[in-house]
Amino acid sequence: MSAQKLYVLGTLQDGGSPHMGCEKLCCAVEKANDYVSSIGVEGAHKSYIFDATPDVVSQANYLRAVSGHNEVAVFLTHAHMGHYTGLMHFGREAYNASETLVYAMPKMTSFLNQNGPWSQLVSLKNITLKPLQENQVVFLDQSLSVTPLKVPHRDEYSETVGYLIKGKNKTALYIPDIDKWSKWTVAIEQLIEQVDYAFLDGTFFLDGEVPRPMAEVPHPFVSETAALLSSLPLKERQKVYFIHLNHSNPARNPEFQGRIALENQGFHFAEFGLSFDL
Ligand SMILES: [Zn+2]
Ligand SMILES: [Zn+2]
Ligand SMILES: [Zn+2]
């Protein structure tokens, strides 16, 4: 059997690219094979997809093909459109899934239970909700466990979590959305030391990147995160893969000088299809 793998299934912010209303160069060229931010993980008997994005059909099909497992279960981070609305494809109008496991935090679980059309997925048993608790490890099989970590974010409908994913040999951290590192009770630079890969919120590169008050949609700018982590040794910085890039993020272009400068410091940018030994 081949090594247990983690796959990058998408790198874009919720709105994807092309992004509605964007007439700029960032959305002029449809980049093949990139989707809204998600990762997939091989378990012993099934695969796990982190977030049900609007692109979940292509992402789940890809994960099925590369993992060889037909069955896919879902872990949700929060109730923003890029992270859960793909659940619609599990319903009667589409795949008509039978009891697909959907792991979610308590507020997220009750949001899905209490609001249509999601509640219909539950009542028709297309999905089975598996409630999670903050910092409680879920053992999925002998060589895979997942722990939800609550993070500060605009929590209109649900709490927001990132995930620690522990495989046979390696551990990955997945935090696609967080307001600012300084608002979190956990020190990200210390957490990075405890993992092998860190997929971190890279929504915006710099302040002023989009023509709207950016405090309405707070994220740690890639440039801020890089500065915060700049004192870590190279081997720690090399664990970082920026993910969840807004359509406007200039670092989507591999030739962008700001991106090259960070890559020279050891940081990485996630790419669809990258795989990692877990
Ligand atoms: Zn998002
Ligand atoms: Zn754009
Ligand atoms: Zn969000």
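This is a predicted model: local features need pLDDT of at least 70, side-chain atom pairs count only at pLDDT 80 or more; totals for chains, interfaces and linings use all residues.

Student: Which protein donors does the zinc ion (ligand 1) have?

Tutor: They are Asp-14 (OD), His-83 (NE2), Asp-177 (OD) and His-244 (NE2), which lie 1.9 to 2.1 Å from the zinc ion, and along the chain they follow the spacing D-x68-H-x93-D-x66-H.

Student: Why is the arrangement around the zinc ion (ligand 1) irregular?

Tutor: In general, the ideal angle for four tetrahedral donors is 109.5 degrees. Here the four donor atoms subtend angles of 82 to 174 degrees, and therefore the arrangement is irregular.

Student: Where in the chain are His-83 and His-244, and is His-83 buried or exposed?

Tutor: His-83 belongs to helix H2, while His-244 sits in the loop between strand E12 and helix H8, 161 residues apart. His-83 is buried, its relative accessible area being 0%, and His-244 also counts as buried, at 1%.

Student: Which residues touch the most other members of the largest nonpolar core?

Tutor: In that core of 28 residues, they are Phe-50, Phe-75, Tyr-103, Ile-165 and Phe-199, and strand E9 (residues 161-166) gives the most to the core, with three residues. A second, separate core has 25 residues, among them Ile-188, Ile-192, Val-222 and Leu-232.

Definitions and conventions. Residues are numbered from 1 along each chain as its sequence is written. Chains are lettered from A and ligands numbered from 1 in the order in which they are written. Side-chain values use heavy atoms; hydrogens and water are left out. A nonpolar core is a set of buried Ala, Val, Leu, Ile, Met, Phe, Trp, Tyr and Cys residues joined through side-chain atoms within 4.5 Å. Buried means under 20% relative accessible area, exposed over 50%, partly exposed in between (1.4 Å probe, protein chains only). Helices (H or I, at least four residues) and strands (E, at least two) are DSSP runs, numbered from the N terminus. Donors are N, O and S atoms within 2.8 Å of the metal (3.2 Å for Na, K and Ca); water is not among the atoms, so sites may look incomplete. Four donors count as tetrahedral if all angles lie between 85 and 135 degrees; four count as square planar and six as octahedral if opposite donors are over 155 degrees apart and all others between 65 and 115; anything else is irregular.
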